[in-house]
Amino acid sequence: MRLALALAAEGAALGEVPVGAVLVQHGQVIGQGFNRPIIDSDPSAHAEMVAIRAAAKAASNYRLPGSTLYVTLEPCSMCAGLIVHSRVMRVVFGALEPKAGIVQSQGQFFGQGFLNHRVIVEGGVLAEACGQILSDFFKARRAKG
């Protein structure tokens, strides 16, 4: 999670909402990223999407069994769907996302019976630090007007 936080800070320095993600498989980091929708002009370029795309390319496989995704913010619905489709085994997230988080805040997406893959979830890891980087970013943005 500390690497994900460092990636979030990297994104914040570039003006992106500071969310970082790291995907680990068999004890190795095989994908990482931070939010990039502004930089890439791509609304799907969330940190999770960037990390999973990199991991799939590194693994030469669109499925990532046995992997764990560490992300600083509770995933949204788009990213939760990607997590299921890529067969990520476990998601560990930091801060809750009360408006759009679909793992715990606005629903328990991974517990839905219609899904063909089950994801293990652990939330609240380094939650204070993960939430603080977001709070600081938006406070600075509001101060700029």
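Along the sequence, the protein chain of this predicted model runs in the order α-β-β-α-α-β-α-β-β-α. That pattern holds five helices and five strands. The radius of gyration is 14 Å, close to the 15 Å given by the globule rule for 145 residues, so the chain is as compact as a globular protein of that length.

**Overall dimensions and surface**

The C-alpha trace spans about 45 × 30 × 25 Å along its principal axes. Of the 145 residues in the protein chain, 46% are buried. The accessible surface amounts to about 7,400 Å², and carbon and sulfur atoms account for 56% of this surface. As for charge, the chain carries 13 positive and 10 negative side chains, and the centres of these two sets are 3 Å apart. Contacts between residues at least 6 apart in sequence were also counted, and 56% of them join residues at least 24 apart.

An unreviewed UniProt entry lists residues 1-122 as "domain: CMP/dCMP-type deaminase". Over this stretch the chain is 31% helix and 24% strand.

E48 is part of helix 3, which covers residues 47-59. Is E48 buried or exposed? Its relative accessibility is 3%, and because the limit for a buried residue is under 20%, E48 counts as buried. Beyond its neighbours within four places in sequence, E48 is in contact with A21, L69, V71, L73, P75, C79 and L82.

Which residues does V24 contact, leaving aside neighbours within four places in sequence? They are V29, G66, S67, T68 and Y70. V24 and K144 are 120 residues apart along the chain, and their C-alpha atoms are separated by 37 Å.

H26 lies in the loop between strand 1 and strand 2, the latter covering residues 28-34. H26 has a relative accessible area of 69% and is exposed. Although H26 is not a glycine, it has a positive phi of about 55 degrees. Most residues other than glycine have a negative phi.

G123 touches F93 and G94, not counting residues up to four places away in sequence.

L126 is not a glycine, yet it has a positive phi of about 55 degrees.

**Accessibility of selected residues**

The table lists the relative accessible area of residues named above.

| Residue | Relative accessible area | Class |
|---|---|---|
| E48 | 3% | buried |
| H26 | 69% | exposed |
| G123 | 39% | partly exposed |
| L126 | 30% | partly exposed |

The class of G123 follows from its value of 39%, because partly exposed residues fall between the buried limit of under 20% and the exposed limit of over 50%. L126, at 30%, is likewise partly exposed.

Technical notes: Residues numbered from 1 in each chain as written. Predicted model: local features only at pLDDT ≥ 70, side-chain atom pairs only at ≥ 80, totals over all residues. Heavy atoms only, no water. Helix = DSSP H or I, 4+ residues; strand = E, 2+ residues; numbered from the N terminus. Rg over C-alpha atoms; globule rule 2.2 N^0.38 Å. Buried < 20%, exposed > 50% of the residue type's maximum accessible area, 1.4 Å probe, protein only. Contact = heavy atoms within 4.5 Å. Areas by Shrake-Rupley, 256 points an atom, 1.4 Å probe, with all protein chains shown as cover. Lys, Arg positive; Asp, Glu negative; His and termini not counted. Charge placed at Lys NZ, Arg CZ, Asp CG, Glu CD. UniProt positions renumbered as here; feature names shortened; annotations may be inferred.
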